Amino acid sequence: MRRISFVCLLSCPLVALAFAFFPAATEIAAEDKIATTAKPVEVAAGDWPWWRGPNRNGHADPNQKPPVEWSAEKNVAWKAAVPGRGHGSPTVVGDQVFLATADVEGETQSVLCWDRRTGKPLWETVVHRGGLVKKGHKKSSHASATVACDGERLFINFVNDGALHATALDRNGKILWQKKVSDYSMHQGFGASPGIHGSLVLVAADHHDGGAIAALDRASGEIVWKNDRPKTANYAAPIVLEAAGREQLLFTGCNLVSSFDPLTGEKLWEIPGATTECVTSTVTDGERIFTTGGYPRSHVAAVEADGSGKVAWENNTKVYVPSLLVREGHLYGVTDNGVAICWNSETGEELWKHRLSGNFSSSPVLVKDVIYVTNEAGRTFVYRATPEKAEPLAENQLGDEAFATPTICGNRIYLRHATTGANGREETLYCIGE
């Protein structure tokens, strides 16, 4: 087993001038942090333990060879019915696959588990019964976060009964602890996945009445630190990346780009940003972090990660929902309306554009130099992406709707798609493998 002790999840936009080196008010001071019994994170190289994969950047193992082509009849190793609705991605650890889902009619929010090899259902645990908020954007769901797994426990975030709750389960589906992190005033929806870093699980809830970003002990669920957030709706999640020579918890939205010490919650630096609402997960080339946004204006920006407050470059491209990819000094993105783009990560020079089709909420996944990305109509585009060009390899259709990002590990692809037919809308979890 390879040990990984990181985070997972989302982030986004800005512009800037000004920054600050001052600690944020944390609920629990660093010297009073709760002693933990959490063991080191243990997941295998062939697992996909949390949102955007082992390195939290959308990169799959470059040595694997997942299928390039598939259909409802071709290269389907197994498929399983998914009750309810959700937009979170599959999490794959050991011999298990996990998904969050919600049943609006039954008013439940649950975590599901299948056998990784066969697709056989193993268990379903109802985390919340009742309390669903009957409002939000038509593209949102009551289960849009992705489950995180530290090898021993599962973590999931749900908004229920006007509050954000973080819940831990064991690998057999037993609820170990549940913690209310913040009240939550619903606007468009909620989709910030939990992140794992060291002994902590990181959660965030930005909303119009003022939310919070917090770190909970993985073993006990006790809050180790907690920072208040502005009174603004936002959809990003905390993500820890190594940039400018140190690990930083990076968080965007609410007109800010913020960096925290992930272990203590101390604010390292902060600059004013140009975008109020963020969705995507920040990525880095080691020197810069890349943020994007689409409301109230569209942009992609490169911010120096050293706390200097400098924006290296910026453009007005709308990459609002799909997260970016960085590889070998180049930034690859897919716009919401279906244009693949490559930029030089240092200068922002646009190197090429390639038209796909449809609208995109799912994020791209990279396998060596091949990108897999799925549009909202359930079509997955596979293309080789180099600084010179995009080389189309295949287009694959499953169902007629998809919002979840593909999970690619162990030479297989896990896809959450839906089909609307005579029986209404039905979700399916597909395992694609030769």
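Select strand 17 (residues 239-243) and strand 18 (residues 246-253) together, and you will find that five bridges join these two strands, which run antiparallel; strands here are DSSP runs (E, at least two residues), numbered from the N terminus, and two strands pair if DSSP finds at least two bridges between them. This is a predicted model, in which local features need pLDDT of at least 70 and side-chain atom pairs count only at pLDDT 80 or more, while totals for chains, interfaces and linings use all residues. Residues are numbered from 1 along each chain as its sequence is written, and side-chain values use heavy atoms, with hydrogens and water left out.

Now pick Val240, whose bridge partner in strand 18 is Leu249, and then move to Ala244, which takes a positive phi near 55° in the hairpin of the two strands, where two residues lie between them. Of the five residues in strand 17, four are buried, meaning under 20% relative accessible area with a 1.4 Å probe and protein chains only.

Next, select Thr146, in the loop between strand 8 (121-129) and strand 9 (148-149). Thr146 is buried, with a relative accessible area of 2%, and a polar atom of its side chain lies 3.0 Å from the backbone nitrogen of Ser89.

Finally, select the cysteines: a search of the whole structure finds zero disulfides, a disulfide being a pair of cysteine sulfur atoms within 2.5 Å. Cys431 is in no disulfide, and the nearest cysteine sulfur, that of Cys409, is 8.7 Å away. The sulfur of Cys149 lies 9.7 Å from the closest cysteine sulfur, in Cys113, which is too far for a bond.

How values were computed. Buried < 20%, exposed > 50% of the residue type's maximum accessible area, 1.4 Å probe, protein only. Polar contact = N/O pair within 3.5 Å; in protein donor to acceptor, adjacent residues only side chain to side chain.
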